[in-house]
Amino acid sequence: MKDEMHLTHLATGDLLRAAVAAGTPLGLEARRFMDAGELVPDEVVIGMIRERLDAGAEDFLLDGFPRTIAQAEALDDMLSDLGAPLDAVLLLSVSRAELVRRLAGRWLCRTCGRSWHEVSNPHRRDEDCLETGKDCDLYQRDDDRAETVANRLDVYDAQTAPLVGYYRERGLLRELDGERSLEDVYAQIEATVAPGR
Ligand SMILES: [Zn+2]
């Protein structure tokens with residue numbers, strides 16, 4: 001998918017969920033971890049990203065990767081092989097209380113992939129599915145349920161938070177205020193990754 005910033009959006013969560021839905025061996029392995037709110041093992045995610053990056057050299061935005069220091073080091077190696085170093089790393093700062101509120105209220109459409117939120121962006125009855133033109137097929141992801149959200153945040157603190165220091169030391173970290181509105185956060189991202197476009 002390309003957005004107005006002319007970046008290919010590579011979301012590991014989407015790639016993994018597609019593998020789960022297709023029932024591939026990788027998907028079946030990944031599913032056990034995702035349902036429990038745990039991180040999918042590094043070698044599975046790294047292999048998937050390497051496959052995707054090797055396929056083309058367009059400008060991309062990685063979403064949901066890297067999530068551990070080991071993944072960040074593997075990414076450095078991959079990008080160095082490709083001669084395409086990172087331009088920036090975005091940190092969207094959001095408090096824990098706000099994260100719980102947002103994740104626990106999220107609903108997605110199985111068919112067109114759009115997401116809504118019970119409070120901040122509720123689904124409207126008159127909104128047709130982008131794929132079918134009928135009602136969207138809404139569901140809540142297993143890992144968005146309240147009890148799993150708490151575990152996801154603990155996993156983030158233990159395994160992903162160290163990346164903030166890793167990228168700050170390398171001069172790549174750009175910190176944004178993730179508690180503002182959707183439009184405002186988007187504008188901050190755009191100004192950071194595509195200034196002047
Ligand atoms: Zn839909």
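**Figure 1. Serine 181, an exposed loop residue.** Serine 181 has 10 other C-beta atoms within 10 Å and is therefore exposed. The model shown here and in the other views is predicted. Serine 181 lies in the loop that runs between strand E7 (173–177) and helix H8 (182–193). Aspartate 59 is 122 residues away along the chain, and its C-alpha atom is separated from that of serine 181 by 26 Å.

**Figure 2. The whole protein chain, for orientation.** The protein chain contains 8 helices and 7 strands. Its C-alpha trace spans about 45 × 45 × 35 Å along the principal axes. Of the 197 residues, 9% count as buried. Among contacts in the protein chain with a separation of 6 or more, 65% are between residues 24 or more positions apart.

**Figure 3. Confidence along the protein chain.** The mean pLDDT is 86, and 95% of the residues reach 70 or more. Which elements have the lowest and the highest mean pLDDT? The lowest value, 81, belongs to helix H3 (residues 42–54), and the highest, 98, to helix H7 (residues 162–169). Where pLDDT is low, predicted coordinates should not be read in detail.

**Figure 4. The largest nonpolar core.** This core has 9 residues. Leu15, Leu16 and Ala19 are among them, as are Ala30, Val40 and Ala74. Val45, Ile46 and Ile49 also belong to the core. Helix H1 (12–22) and helix H3 are the elements that give two or more residues to it. In soluble globular proteins, nonpolar side chains tend to be buried together. Valine 40, one of the core residues, touches Leu16, Ala30 and Val45, and also Phe33 and Met34, when residues up to four places away in sequence are not counted.

**Figure 5. Glycine 27 in helix H2.** Glycine 27 is found in helix H2 (residues 25–35). Is glycine 27 exposed or only partly exposed? Glycine 27 has 18 C-beta neighbours inside 10 Å, so it counts as partly exposed. Leaving aside neighbours within four places in sequence, glycine 27 is in contact with Ala19, Val20 and Ala22. Ala19 is also listed in the largest nonpolar core. The C-alpha atoms of glycine 27 and leucine 16 are separated by 6.4 Å, and the two residues are 11 residues apart along the chain.

**Figure 6. The sheet of strands E5, E4 and E6.** The open sheet has 3 strands in the order E5-E4-E6, with antiparallel pairing. Strand E5 (115–117) and strand E6 (138–139) are the edge strands, each pairing on one side only. Strands of a sheet pair through backbone hydrogen bonds. Strand E4 (residues 106–109) and E6 run antiparallel and are joined by 2 bridges. Opposite leucine 108 stands tyrosine 139 in E6.

Figure 7. Apart from neighbours within four places in sequence, lysine 134 is in contact with Asp128 and Cys129.

Figure 8. Phenylalanine 65 and proline 66 are joined by a cis peptide bond, with omega about 0 degrees. Most peptide bonds are trans. Proline 66 lies in the loop between strand E2 (60–63) and helix H4 (69–82).

Figure 9. Threonine 160 has its place in helix H6 (residues 146–160). With 19 other C-beta atoms within 10 Å, threonine 160 is partly exposed, because a buried residue needs 20 or more. Not counting residues up to four places away in sequence, threonine 160 touches Arg67 and Thr68. Threonine 160 and alanine 72 are 88 residues apart in sequence, and their C-alpha atoms are 10.0 Å apart in space.

Definitions and conventions. Residues numbered from 1 in each chain as written. Predicted model: local features only at pLDDT ≥ 70, side-chain atom pairs only at ≥ 80, totals over all residues. Pairing = 2+ DSSP bridges. Helix = DSSP H or I, 4+ residues; strand = E, 2+ residues; numbered from the N terminus. pLDDT = per-residue confidence, 0-100. Core = buried A, V, L, I, M, F, W, Y, C linked by C-beta atoms within 7 Å. Buried ≥ 20, exposed ≤ 12 C-beta atoms within 10 Å, placed from the backbone. Contact = placed C-beta atoms within 7 Å.
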